[in-house]
Amino acid sequence: MLPLGCSRRLVAELRDALDTCAERQRQLEQSLRVSRRLLRAWEPAETPTPEPTPGPETNEEAPSPACTPSPQDLKELELLTQALQKAVHVRKGVSKAGERDKASSLKSGSIATSATTAAAPHGASPTKPPRGTRQATRPAKGLPKPRLLSAGDQTCAGRGPLAAKPGPGLRDPQIAPSAAPQAPEAFTLKEKGTLLQLPVAFRKAASQNSCLWAQLSSTQTSDSMDATTSSKTQFLQKMQVTSGWPSSRLSAAEVEAEVGRLQKACSLLRLRMEEELTRDPTDWMQEYRGLLTLEGLQAIVGQCLHRLRELQAEVVEQQLGPWPEERPPMASLPCGGGADPTWSPQLLLYSSTQELQTLAALRLRVDMLDQQIHLEKVLMAELLPLVSMQEPLGAPQLALCRAVHSLLCEGGQRFLTILRDEPAD
Amino acid sequence: MGRRRRRADLADAAGALPEAIAALSRSLPAGPSPEIFRRAKFDRPEAAPALWRLLFRVLSLLRADRASASRAPEAQARWVKAALRAQGYPRLGLARLPEDGSQGSRELLLALAWLLAREPLPERLLAQTRVRLGDEMPVCECGALASPGQPAPRVDAAGPVDVRHLQWLMGKLRFRWRNLMASQQEQCALLGKIHAYTRGCHGDRSLGHLSVAETELLRDPEGGRQVRAGACGGRDLFLSAKIAILPVCGGPLPPLGHPGAGMQTRSCCLVMGTPERPALWFALQLLQRLESENARLEAVLEWRRRELVFWQWMDTVLGACPPEASQPTFPPGLRGRGRRAGAWGPVAWELQALQEELQAAVGARRAAWAARVGGQGPEWSAARQAAQEAVGQELAALRQAWARGGGGGRAQPHGPHRLVRTEAGGPGGPGLRAAEVIGALRSREACLEETLRQLQEQCRQQLARLAGALPGLIWIPPPRR
């Protein structure tokens with residue numbers, strides 16, 4: 001068993017890593033769900049209760065012979081139909097072209113569900129198709145349709161779930177056999193994706209949005225802000241002068257940022273050093289340069305250490321004073337793009353799915369390596385002292401050595417073998 | 001004559017100031033009314049709570065700190081003080097304010113003005129919560145998973161574990177990464193398809209196709225069907241949707257400015273939706289969010305036009321405050337509460353280790369060089385000079401790599417970029433090319449792999465040393481791949 005403190009810290013680190021991974025997976029799965037759904041056939045008339053007889057033909061003249069509806073059901077249906085027709089009239093009066101397809105089909109879908117069975121009130125049926133087609137052709141008259149553009153869809157007016165008009169009697173035969181995905185009229189992105197068009201209001205809002213952002217970035221860079229900038233600087237100076245805290249100190253945020261930079265410096269310097277050490281000089285000139293480089297690196301490291309100690313001293317001093325002890329944890333700063341963030345839309349152009357996949361895979365790999373390096377350092381700090389400090393050669397200690405070796409040197413994937421060298425007697 | 005003009009100017013200013021403050025309020029989240037600002041100038045106690053809330057909201061957004069969202073007002077006030085101090089806020093008056101929100105509005109107003117003066121605050125906040133219509137992919141490493149400056153993870157009060165538990169956790173982590181990679185590949189394939197299928201649909205020529213968000217908007221503008229498809233308790237929710245639809249028929253259409261039949265089903269979404277189900281509110285949210293962001297953007301632009309008047313007014317506010325007594329400086333030898341000592345550990349340790357290694361390497365090479373350098377001709381000094389300069393330049397370039405501005409400086413792209421599918425071989429419009437990003441990522445990958453390999457090698461050597469100290473055992477390392 002590992003010592004208590006060590007165990008807790010290591011388990012906490014590993015669990016943290018696992019949690020970040022899980023969170024990312026969760027978000028990815030959410031996006032996957034959305035994307036998969038988009039690529040399937042879009043099903044406007046799908047009902048939650050599975051239809052008992054999913055007949056394959058989408059024949060509108062044949063109402064499926066389910067059980068006859070009760071008079072109460074019929075009356076309900078009539079009321080609903082009337083309400084819907086009124087709604088459609090009102091809506092048509094207000095808007096030129098609407099989401100009739102979806103909304104009405106949603107309603108009809110729900111109505112069909114409440115009727116449960118597919119039997120159409122026969123009296124209503126003959127009157128529905130003409131109305132259906134009439135209403136269907138109306139939107140085709142050059143009115144801007146926020147959804148589907150193709151006139152081809154109008155042929156499906158009487159049939160498909162898409163252009164369905166309020167005619168529950170008409171709809172029912174379709175609902176019954178509607179394993180809607182199989183209906184050839186169902187909308188798939190693959191076939192009809194190029195016909196889509198964004199709704200007008202949305203487009204307006206989006207273009208206004210990008211226009212405003214562009215204006216914002218132009219005002220940022222304009223020079224007419226001189227008076228304002230100088231008054232701001234004056235204000236800050238006055239604040240500093242009238243305050244009780246000496247101004248020469250660095251804020252904690254700046255200190256953290258600098259420590260981060262020193263960390264990065266350390267890894268870059270180490271890489272350079274290793275590169276230099278593994279290089280084999282072929283002539284004296286290269287050897288000399290190698291020597292100079294190493295000396296230069298040494299000097300830089302010395303400077304970094306010195307700076308680090310300065311920062312440490314500064315922070316210790318700053319702790320004193322009436323400020324509260326609680327330090328908010330330094331959340332990793334959201335990427336603001338540095339001091340001069342560009343507010344304009346930034347595009348990343350790719351040309352094939354392969355390229356996109358490579359890009360995403362590399363991103364993940366880089367993140368994974370980052371995490372692995374972090375874990376490696378943590379494990380090294382905790383486990384190496386354990387292994388080096390204990391003397392006895394007992395089996396548990398050897399097992400620990402073996403495990404530590406695999407964790408630290410092989411990423412936990414491979415193990416070494418330890419053999420006891422028994423002298424042959 | 002001059003006096004009259006000055007009076008007219010003052011009258012102008014008197015009108016301009018409330019408008020400027022109103023614009024500021026509209027541009028900030030949780031912005032208080034201009035009246036609050038006026039009261040704060042006179043240090044009225046009733047203005048304090050609103051300003052505490054505003055500061056808390058602004059600072060927690062800036063630091064992307066969602067954990068602190070639901071704190072009690074006193075805790076929020078403490079947090080605000082600590083956050084301001086971390087940014088370097090100079091005035092001690094803030095630290096001395098009581099945390100119950102009973103007074104100190106003038107001090108809070110000064111703090112807000114200080115934040116506004118240092119950076120373009122409303123723009124930054126808006127940029128963080130910006131509505132993203134496209135499929136975004138980050139191109140920088142700012143949001144890396146395991147950044148070295150991260151706070152230590154929370155430690156559970158569990159018992160000691162065996163090293164096999166650690167091995168198991170590592171294996172689990174590897175497995176999760178593999179899953180993640182597979183899911184990511186699938187998502188990319190799907191994205192590629194969606195982009196390809198919707199080619200030519202977008203009004204904006206430079207984009208050319210729709211994103212997932214926009215396509216989803218088209219598929220399901222009312223969001224009604226999201227219920228059934230996305231939610232776990234789908235059936236029940238759909239049931240309530242049916243019930244909710246009926247009473248709405250025939251009623252007056254709510255004036256939402258959006259044509260179409262989204263209306264009725266819109267209300268039924270409101271009946272059954274919950275904010276925790278993002279898919280449910282998806283389509284509604286998108287348009288509404290765009291519109292509210294537009295409103296805030298307009299407010300920011302107005303603020304920028306008018307803000308000079310605000311700063312002149314803030315000067316007077318600052319003038320009205322009595323100057324603070326300066327804090328006596330503590331002698332540097334005093335061992336203060338060095339709470340941050342924990343964060344220094346890794347960096348200092350690594351730098352020191354590096355220094356020791358370099359010392360050893362340099363010593364060895366110097367000795368070898370001294371032995372080598374015999375009689376060198378006059379061209380030697382010239383060559384030496386050249387070498388020194390070259391190395392000096394190389395090291396200076398190396399320093400730039402971690403200096404302020406990050407690798408490559410400003411030129412490096414930052415932030416999430418919208419993915420746009422273009423024809424291969426075409427010139428394309430403005431924007432980053434995937435090939436460049438891939439190249440940069442590959443070099444970074446190589447760098448990281450090298451670092452990891454070096455760390456593992458270090459461990460191997462150290463363990464080999466230990467193994468050497470234990471006689472009677474044969475250590476057989478696993479076969480190298």
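Visitor: What makes B:L121, B:P122, B:E123, B:R124, B:L125 and B:L126 of α6(B) count as buried?

Guide: In this predicted model, B:L121, B:P122, B:E123, B:R124, B:L125 and B:L126 are the buried residues in α6(B). Buried means a relative accessible area under 20%, so each of these residues falls below that cut-off.

Visitor: Why is α6(B) called largely enclosed by the rest of the structure?

Guide: Because six of its eight residues are buried.

Visitor: Which residues make the contact between α3(B) and α6(B)?

Guide: From α3(B) come B:V58, B:L61 and B:L62, and from α6(B) come B:L121, B:R124, B:L125 and B:Q128. Contact here requires heavy atoms within 4.5 Å.

Visitor: How do you know how many residues of this contact are nonpolar, polar or charged?

Guide: The division is five nonpolar, one polar and one charged. Val and Leu count as nonpolar and Arg as charged, so B:R124 is the charged residue, and B:Q128 falls among the others, the polar ones.

Visitor: What share of chain A is buried?

Guide: Of the 425 residues in chain A, 49% are buried. The secondary structure of chain A comes to 13 helices and two strands.

Definitions and conventions: Residues are numbered from 1 along each chain as its sequence is written. Chains are lettered from A and ligands numbered from 1 in the order in which they are written. This is a predicted model: local features need pLDDT of at least 70, side-chain atom pairs count only at pLDDT 80 or more; totals for chains, interfaces and linings use all residues. Side-chain values use heavy atoms; hydrogens and water are left out. Helices (H or I, at least four residues) and strands (E, at least two) are DSSP runs, numbered from the N terminus. Buried means under 20% relative accessible area, exposed over 50%, partly exposed in between (1.4 Å probe, protein chains only).
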